[in-house]
Structures are given as structure tokens and as C-alpha cells.
Amino acid sequence: MGLLLWLSMAATKTVNWKKFPYGYSIVFLIALISKMLASNEILKKGSIGDSIWAIILGCLLRNVISFFTKQSALPPWLKVAQQTELYIAISLVLLCIDFEVLKPLAPRALFVSWLDTPTLFLVVAYFGTKVLKIETQTSIIMSGATFICGSSAAIALASSMGVPHKTDMPIAIISIFTIPSIIALPYVAKSLDFSPTVSGAWFGGCVDSTGAVIAAASIYGDQDAINTSAVVKMIQNVLIGPLSVLMAWGWSRYELQEAYKNEENLIYQQEQEDLDEGIMQNRNTELEDSNTPSVKHPRNLHASSKPKEKAYVLLWKRFPKFVIGFIITAVLFNTTIDSDIEIRAQVNEYCFYVAEWFSTLSFVSIGMGLQFNDLRNNISSLGKLVTLYVVAQLVDIVATGVLAWTAFTYL
């Protein structure tokens with residue numbers, strides 16, 4: 001893993017790529033410790049997964065280094081290994097959607113995972129921006145992460161808008177607050193007398209990450225619930241691709257429109273300034289000798305040039321490239337792997353295993369982006385983000401519960 005990542009760093013000539021092995025060793029070690037803690041039988045009872053441990057340990061590392069070095073920035077040899085977007089993109093590419101597994105439950109799983117998700121995503125993002133006064137991009141990231149697939153959706157959407165640095169806080173909040181859902185939902189499902197398939201669809205539709213979904217279904221304790229939850233979550237994961245492409249297209253157009261609007265405002269302001277200056281010059285000229293030559297001031301001297309980038313160029317820059325890899329691996333898996341069920345399951349399990357490692361590496365990187373000083377200074381923003389997540393999660397739980405019950409009871 002590390003060698004392939006290093007080669008990719010060298011091929012793209014990433015800054016300080018030669019130092020990547022040193023930083024990656026530390027990041028990988030933290031990921032390994034996180035998985036060991038998450039697999040501990042005693043600690044496992046608290047439903048604290050490796051993602052939580054990775055964020056906590058990564059955050060501790062960042063703040064310990066800052067304390068001793070008296071610098072807020074990470075050292076270059078460690079910063080180059082903080083590749084959150086790369087790690088999560090690789091984990092998404094390795095999902096390897098198996099169409100044979102999806103076929104039996106696909107119509108009902110689509111009903112549960114796609115019917116309400118896009119609408120609620122937009123409504124809650126709007127609520128966060130207009131009501132809670134959260135910055136637009138952060139609100140979109142938090143809403144998408146809550147309704148789709150946690151950190152994967154957050155990073156994909158942030159990349160589409162060109163703001164990957166705005167994912168650390170939303171992902172940390174989601175990872176921590178997912179724990180109550182993992183523990184509580186299985187017992188709520190049993191108290192409501194939901195069938196295993198309804199319960200599994202419910203978990204798959206409203207619990208944030210794939211690992212957390214499986215954990216909730218495992219607590220419920222039924223294989224049908226585990227299988228159904230996995231299929232619903234897989235289909236919901238597919239939504240990340242088209243939604244990221246749409247977001248890249250929409251946000252690119254929005255940025256270009258804003259750029260042209262700002263340009264027009266600058267030109268208008270400059271024209272007003274030139275007009276006012278011309279009036280003053282005329283008044284002064286009347287008082288001076290008529291033979292004195294006037295000086296003409298250049299127009300729009302300070303006006304910025306209009307943006308040169310076309311919409312399709314900006315779209316390609318923002319286009320989430322992992323979508324291409326996601327499609328290629330899905331096609332290869334379904335066309336080249338033997339049709340034997342056991343072989344396909346083994347390949348899928350291995351890909352998922354490797355994907356989970358990259359996912360844990362991304363959580364370490366997220367933790368390394370969190371500083372205690374920033375948390376203290378932005379306590380108000382933190383409170384708003386937590387409020388938005390709680391509202392979004394409650395809405396998601398209720399809406400998905402109704403859809404899951406309808407789909408797996410009457411359809």
C-alpha cells in the first residue's frame with residue numbers, strides 16, 4: 001500500500017514526496033493501533049470503531065507536535081502523508097459493487113436509499129445556511145455526509161466544490177455522534193417490532209458509514225438484517241458519484257456567475273468614480289485658464305479582467321475523479337471475475353478489507369487536521385454544526401424508517 005502510494009506521489013510530483021515514507025509510517029502505525037483498539041473485546045462493547053480511535057489518536061499527535069514545536073503547521077515530512085482525499089478516494093474505488101448481489105433487493109433498496117436522500121440533502125443544507133447561518137459549503141458538506149455516506153460523501157462533495165480543507169470538523173462530528181445511533185437503533189427496531197429486513201434497510205439508509213451500518217445490524221443479531229443493510233448502504237453509496245458530479249457542475253456555474261457579477265460591480269463602481277472625477281475636473285477647469293491642457297484619466301484602470309476559465313474547464317477541475325475509477329472497478333468486477341458465488345464473495349471481501357484500511361488512514365489524516373486551539377476559537381461554529389447534524393440525523397431516522405417499513409412490508 002505504502003509503496004504504491006509513494007509511487008503515485010512521485011508520479012504527480014507532490015510537494016515533499018521524497019519524505020512521504022517517513023510520514024506514512026506514522027500514519028499507518030496510528031491506523032494499525034486504531035484497528036487493534038477497535039478489535040479489543042472489552043472496548044468493542046462500547047461500539048467505538050477504528051474511525052473514532054483514528055481521529056482521536058491523529059488529533060492527539062497533531063496537538064502534541066504543535067505543543068513541542070510551538071508551530072501550528074505540521075512538519076513537511078508528516079504533512080505530505082496527510083492525504084485525506086486520496087485515501088478516501090481509493091477506498092471508494094475499491095467498493096466493487098456486485099450487481100448479482102444487488103439484483104434481488106435493488107428496487108426496494110433504491111426506494112429506501114434514493115427517494116428521500118436528494119431532497120432531504122438539499123432541504124437540510126438550505127436550513128443550515130439560511131436558519132443556522134452556517135457557511136454554505138460547510139452546510140452542504142455536513143448535510144451530504146449525514147444523508148449519504150459519512151466521510152466518503154463529505155470528502156467527495158468538498159472536492160467537487162474545491163474546498164477539501166473544510167471536511168475535518170463535519171467528519172469528526174459525524175464519526176463521534178454516529179455511536180449513539182449504532183447502539184440505540186437496533187433496540188428501537190426491536191421495540192417497534194420491525195422485521196429483520198425492515199430493520200436492516202433502516203440501518204442501511206440512516207446510519208452514516210458502511211462499517212457503522214454493519215455494526216448496528218450485528219447488534220440487532222440477524223443475518224437477514226446484515227445482508228439487507230449492506231445492500232441498501234451499497235446502493236446509497238452509488239449516489240455519491242452522480243451527486244458529486246452534479247455538485248461540481250452546479251458549483252462551477254455558481255462560481256462563474258459570482259465572478260461575472262463581481263466583475264460587473266467593479267466596472268460599475270469604477271465608472272461611477274470616473275464620472276465623479278470628471279465632474280470635479282470640469283468644475284476645476286472652469287476656474288483655470290482655458291489654455292491649460294486637461295489630463296484624461298484612464299477608464300477602468302483598477303477593474304479586474306473577466307474570468308477566463310470556461311464552465312467545462314472549471315467542471316473538469318472540480319470533477320471527482322474517483323467516479324471514473326469507481327465505474328471501471330465495478331465494470332471489471334462484474335465482467336472479469338468468475339461467476340462462482342464464493343469466488344466473487346472472496347474478491348469482494350478482500351477489496352472491502354483493503355478499502356477499510358484506506359478509510360482508516362483517511363480518518364487519521366482527519367484527526368491530524370484538528371487543533372484544540374481552533375476548536376476553542378470556533379466554539380460557536382462547532383455548536384451550529386452539531387445542531388445541524390442532530391436535526392439532519394433525526395429527520396433521516398424518521399424518514400428512512402417510514403420508507404424502509406413501506407418498501408419491505410408492502411412492495
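**Entry 1**

I began with Glu 135, which at 35% relative accessibility counts as partly exposed (buried means under 20% relative accessible area, exposed over 50%, partly exposed in between, with a 1.4 Å probe and protein chains only). I note that this is a predicted model, in which local features need pLDDT of at least 70 and side-chain atom pairs count only at pLDDT 80 or more, while totals for chains, interfaces and linings use all residues. Residues are numbered from 1 along each chain as its sequence is written, and side-chain values use heavy atoms, with hydrogens and water left out.

I then looked up what the side chain of Glu 135 meets, and found a salt bridge with Lys 166 at 3.2 Å, N to O (a side-chain nitrogen of Lys or Arg within 4 Å of a carboxyl oxygen of Asp or Glu). Lys 166 lies in the loop between α10 (136–160) and α11 (168–191) and Glu 135 in the loop between α9 (117–130) and α10, so the pair ties together parts that are 31 residues apart in sequence. Lys 166, at 23% relative accessibility, also counts as partly exposed.

**Entry 2: the other salt bridge**

How many salt bridges does the structure hold? I found two, and the other one joins the side chains of Asp 50 and Lys 35 at 2.8 Å, N to O. This pair links distant parts of the chain, with Asp 50 in helix α4 (residues 50–69) and Lys 35 in helix α2 (residues 20–39), 15 residues apart. Asp 50 counts as buried, its relative accessibility being 15%.

**Entry 3: helices α6 and α18**

I next took up helix α6 (residues 84–93) and helix α18 (residues 341–368), whose axes come within 8 Å and cross at roughly 160° (axes are lines fitted to C-alpha atoms, for helices over the stretch in contact, and angles run from 0 to 180 degrees between N-to-C directions). That makes α6 roughly antiparallel to α18, a term for angles over 145 degrees. At this interface I listed contacts (heavy atoms within 4.5 Å): Thr 84, Tyr 87, Ile 88, Ile 90 and Ser 91 in α6 meet residues of α18, including Ala 355, Phe 358, Leu 361 and Ile 366.

**Entry 4: the whole protein**

Of the 411 residues, 45% count as buried. Among contacts between residues at least 6 apart in sequence, 79% join residues at least 24 apart.

Technical notes. Helix = DSSP H or I, 4+ residues; strand = E, 2+ residues; numbered from the N terminus. Parallel < 35°, antiparallel > 145°, perpendicular 65-115°, else oblique.
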